[in-house]
Amino acid sequence: MSSYHDQQPTVFVLDFGAQYAQLIARRVREARVYSEIVPFDISVEEVTRRAPAALILSGGPASVYADGAPHMDPRVLALGIPVLGFCYGIQEMALHLGGEIPKTDVGEYGFAELEVLGGGGELLVGVTERSQCWMSHRDSVGTAPAGFAVTARTATTAIAAMEDPARRLYATQFHPEVAHTEFGQRIIERFLHEIACIPPMWTMVNIIDETVDLIRERVGTDRVICGLSGGVDSSVVAAILHRAIGDQLTCVFVDHGMMRLDEGAQVIHTFRDHFHIDLIHVDAEKRYLDLLAGVTDPERKRHIIGEEFWKLFFEEAEKLEGVRWLAQGTLYPDVIESGNKTAAKIKSHHNLIPFPPGVHFDLIEPLKALFKDEVRAVGAELGLPDEIVHRQPFPGPGLAVRIIGEITHGKLELLRKADAIVREEIGAWDTERSVWQYFAVLPDIRSVGVMGDERTYGHPIIIRAVASADAMTADWARLPHDLLAKMSNRIINEVEGINRVAYDITSKPPGTIEWE
């Protein structure tokens, strides 16, 4: 079967263990050029065979002189392919080409003033003579290899950028991929479009057209089954599969009863009524509540809900005839983390589907070349409603892990109503989507209150709202006091059984975004 790089000019990002490798790949794609992350030690034969349009060498945590430091095949630099190195990448380039990297105890971290030299050469065209850049290094190149011109410096780093246009080699000690670098994206786009001459072809329309063609080629006349959760990933998988193979697709929506207010009905309406997809709806709230009765440990909740989902899913799957394929929403970050030699923690969860004895389907993963923001953009292009495309991150167990303690139907109803108010009010205020995630939590306590001159003993609600770029770290959102007051008043007045509202002002770390 073909892959994306057969239709698109491709940029390889050689990953030397950088925390920013995925960010580099995303920045390339934001320039409308397809990118893939590959191991730092990819062979010269493999590079030659796959013929990428350009290479980017990522940063990395190691010193190039350290024992076990990652090193590329230096022959790759002689292939004539345009190469751009960042941070560790500039040092790796210098090391292999005869430059000098003196060991020093003076590092450079955070903002630095970049001074462009000699007009900036080919790479830094359009960058002002002085601008801000982002540094994160200890070692740096002291002497550039023969043939290289130095095109920028900072107060600490004499060679902040260098290039050898004759060999199509370019490098910076700073990080253009980080938003803190003032002209960072411009530098990346200059390299891609003007130096490597790669046209901006990576568009949502192209992604959809190519993915549809690939699905049709692979599936043929077979039938496909897809587990639909209502989240953006599974929703986009379902929509793009339906465009590709129409009635050959059957979706199974296992409604565990832990979704937010009206979400289950929205899933049914969107896919059965709007897209006219063959949808099997399994209303399993009672079954789940029976299994979760008396369970308070969050990990136990997750295990029960995940295990039961697959039981219910395969119960329905076995009723269907002629189904060969199981579709799922694996994304590119999952693929990277499963195969990256330099990753600190290896994940392979997208391959861990617990097929029951005697049951097996071949997997099809239409989104496995895409990042999350691209998945959302594809969903919008396919006509999915905004509520699904921009659905906030929502745990698989749903409200089960936002109810601290035992889960009951009554608690679910309380939390659903309170959470709907939180989402309605913050959503109306946050028109720019500056808040990453916001929701309500129902703790396992009660508190005394006074309502209508009578003593109450009701539940509190905790509001959680965080700002984040990627959920790796998060800061509590500084919501206006009048917005907090409005939510508190509405929740207490409109949700019977709630008599107190609190706002969580814990960042991540030390806390997590979810409570369980």
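Close-up 1. Glu-316 is buried, with a relative accessible area of 13% (buried means under 20% relative accessible area, exposed over 50%, partly exposed in between, using a 1.4 Å probe and protein chains only). Lys-319, on the other hand, is exposed at 58%. Their side chains meet in a salt bridge, 3.2 Å from N to O (that is, a side-chain nitrogen of Lys or Arg within 4 Å of a carboxyl oxygen of Asp or Glu). Side chains of opposite charge can pair when their charged atoms come close.

A quick note on what you're looking at: this is a predicted model, where local features need pLDDT of at least 70, side-chain atom pairs count only at pLDDT 80 or more, and totals for chains, interfaces and linings use all residues. Residues are numbered from 1 along each chain as its sequence is written, and side-chain values use heavy atoms, with hydrogens and water left out.

**Close-up 2. Arg-260 with Glu-263.** Here's another salt bridge, with 3.0 Å from N to O. Arg-260 is buried at 4% relative accessibility, and Glu-263 is buried too, at 8%.

**Close-up 3. A pair inside helix H14.** Glu-413 and Arg-416 sit 3 residues apart in H14 (residues 409-429), about one turn of the helix (helices are DSSP runs of H or I with at least four residues, numbered from the N terminus). Their side chains form a salt bridge of 3.2 Å, N to O. Glu-413 is partly exposed at 29%, while Arg-416 is buried at 8%.

**Close-up 4. Helix H6 meets helix H7.** H6 (residues 204-219) and H7 (residues 232-245) pack at about 65°, with axes 9 Å apart (axes are lines fitted to C-alpha atoms over the stretch in contact, and angles run from 0 to 180 degrees between N-to-C directions). Among the residues that touch are Ile-208 and Val-212 of H6 and Ile-240 and Leu-241 of H7 (contact means heavy atoms within 4.5 Å). By class, the contact has 8 nonpolar, 1 polar and 2 charged residues (Ala, Val, Leu, Ile, Met, Phe, Trp, Tyr, Cys and Pro count as nonpolar, Asp, Glu, Lys and Arg as charged, and the others, Gly among them, as polar).

**Close-up 5. Helix H9 against helix H10.** H9 (residues 285-292) and H10 (residues 298-317) pack at about 145°, with their axes 11 Å apart. The contact includes Tyr-288 and Leu-291 from H9, plus Ile-304 and Phe-309 from H10. Its residues split into 7 nonpolar, no polar and 4 charged.

Notes. Helices (H or I, at least four residues) and strands (E, at least two) are DSSP runs, numbered from the N terminus.
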